[in-house]
Amino acid sequence: MKQRAEPAAGVLYVVGTPIGHLGDLSPRARDLLIAVDTIACEDTRHSGQLLSRIGSAARRCSFHQHNTRTRIPQLLLELEGGRSVALISDAGLPGISDPGQELVAAARELGCEVISIPGPCAATTALVSSGLPTDRFCFEGFLPAKGRERRDRLVLIASEQRTSVIYEAPHRLCQLLNELFELCGEERPLQVARELTKRHEQQVGPTVGAARHYFQENSPQGECTVVLGGALPIEIESLSDTHCLEQLLALTTEGMSAKDAAKLLSSRIGRSKRELYALLHTMTEQAD
Ligand code: SAM
């Protein structure tokens, strides 16, 4: 099939670049990055190495989370003027936990054509080699670093029945595994993909407990993507007060607060968390 000539005037190209192995840059991405007018890079110095290697002399400009507001209008002017623009990030697909989404939305709003040149993405690369279900999955990206927001997100992830994919910095990986241990239990399937496509690529699993134990002994280094198996569906007939109470007690015995246990069970079975909290409270009062 004959392909359209690239780059075309006034088009924004969202280009995937390697997440480690330089051989993963596709021939199409390479040709585009050589021929395009302007390349918006998350970090011009970082991407400079890749661009010099392929012999790209295209104009480069920085595009990162701190200059988005000023850069977007400039890049839109270029597109309106008929120049072609490529957007790349430090690694992987721009827009996936990387800057890009706002530029793409602004370009579309202006009526510009946006074309994706697909390439590696840590989330899908980790997912497909994890052995966990890939038919339905959720991408969680980076979780809030701390506090209530983090806790709330984790509680939702713990009750999610689809596979979840999480990006985590190595210095927080052990904390994340401890939190998942508390909320999901040690047997929940999990795979940590470390340094994907690089020399020291490694997969650690197959459960929350096993990965937690491994990283307690071996300090996490390099880039990590966590793939967590989904929660088992709760059967409708098991939703009597007695069964709810059993599950609440199991969660609190594992160290969870009554409030968090009620919230977690509520997100799993759809019963009000206030009701569940009251159930647990009445039971503990009776025991006193
Ligand atoms: N846009 C990128 C993509 O498409 O995957 C993601 C960028 S995000 C700022 C960086 C995070 O992605 C890292 O903290 C890590 O969680 C994950 N990641 C990136 N490269 C990786 C690799 N080679 N192995 C494992 N995880 C990786």
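This briefing describes the overall make-up of one protein model and then turns to selected local features.

The model is predicted. The protein contains eleven helices and ten strands, and its C-alpha atoms fill a box of roughly 75 × 40 × 40 Å along the principal axes. Of the 288 residues in the protein, 45% are buried. Among contacts with a separation of 6 or more, 67% are between residues 24 or more positions apart.

**Helices α9 and α10**

- Helix α9 spans residues 241–253 and helix α10 spans residues 258–269.
- The axes of α9 and α10 come within 9 Å and cross at roughly 130°. The arrangement of α9 relative to α10 is therefore classed as oblique.
- The crossing in which α9 passes α10 is right-handed.
- On the α9 side, the contact is made by Cys244, Gln247, Leu248, Leu251 and Thr252. On the α10 side, Ala258, Ala261, Ala262, Leu264, Leu265, Arg268 and Ile269 take part.
- Sorted by class, the residues in the contact of α9 with α10 are nine nonpolar, two polar and one charged.

**Leu276 in helix α11**

- Helix α11 covers residues 273–287, and Leu276 lies in this helix.
- Leu276 has a relative accessible area of 0%, so this residue counts as buried.
- Leaving aside residues up to four places away in sequence, Leu276 touches Cys244, Leu248, Ala262, Leu265, Ser266, Ile269 and Arg271.
- Among these partners of Leu276 are Cys244 and Leu248, which also belong to the α9 side of the contact with α10. Ala262, Leu265 and Ile269, likewise touched by Leu276, are on the α10 side of that contact.
- The C-alpha atom of Leu276 is separated by 60 Å from that of Ser52, and the two residues are 224 residues apart along the chain.

**Helices α3 and α4**

- Helix α3 is formed by residues 68–80 and helix α4 by residues 101–109.
- The two helices pack at an angle of about 40°, and their axes are 10 Å apart. This angle makes α3 oblique to α4.
- The crossing of α3 and α4 is right-handed.
- From α3, the residues Thr68, Ile72, Leu75, Leu76 and Leu79 meet Glu102, Leu103, Ala106 and Ala107 of α4.
- By class, seven nonpolar residues, one polar residue and one charged residue make up the contact of α3 with α4.

**Cysteines**

- The number of disulfides is zero when a disulfide is taken as a pair of cysteine sulfur atoms within 2.5 Å.
- Cys184 is in no disulfide, and the nearest cysteine sulfur, that of Cys138, is 13 Å away. With a relative accessible area of 14%, Cys184 is buried.
- Cys224 is also in no disulfide. The nearest cysteine sulfur to that of Cys224 belongs to Cys174 and is 9.4 Å away. Cys224 counts as buried, at 5% relative accessibility.

**Cis peptide bonds**

- Glu6 and Pro7 are joined by a cis peptide bond, for which omega is about 0°. Pro7 is placed in the segment before β1, a strand of residues 11–15.
- The peptide bond from Gly205 to Pro206 is cis as well, with omega near 5°. Pro206 is found in the loop between β9 (202–204) and α8 (208–217).

- The position of Ser97 is in the loop between β4 (85–88) and α4.
- With a relative accessible area of 34%, Ser97 is partly exposed.
- Thr197, which is not a glycine either, has a positive phi of about 70°. Thr197 lies in the loop between β8 (190–194) and β9.

Terms used
Residues are numbered from 1 along each chain as its sequence is written. This is a predicted model: local features need pLDDT of at least 70, side-chain atom pairs count only at pLDDT 80 or more; totals for chains, interfaces and linings use all residues. Side-chain values use heavy atoms; hydrogens and water are left out. Buried means under 20% relative accessible area, exposed over 50%, partly exposed in between (1.4 Å probe, protein chains only). Axes are lines fitted to C-alpha atoms, for helices over the stretch in contact, and angles run from 0 to 180 degrees between N-to-C directions. Helices (H or I, at least four residues) and strands (E, at least two) are DSSP runs, numbered from the N terminus. Angles under 35 degrees count as roughly parallel, over 145 as roughly antiparallel, 65 to 115 as roughly perpendicular and the rest as oblique. A crossing is left-handed if the near helix is turned anticlockwise from the far one by less than a right angle, and right-handed if clockwise. Contact means heavy atoms within 4.5 Å. Ala, Val, Leu, Ile, Met, Phe, Trp, Tyr, Cys and Pro count as nonpolar, Asp, Glu, Lys and Arg as charged, and the others, Gly among them, as polar.
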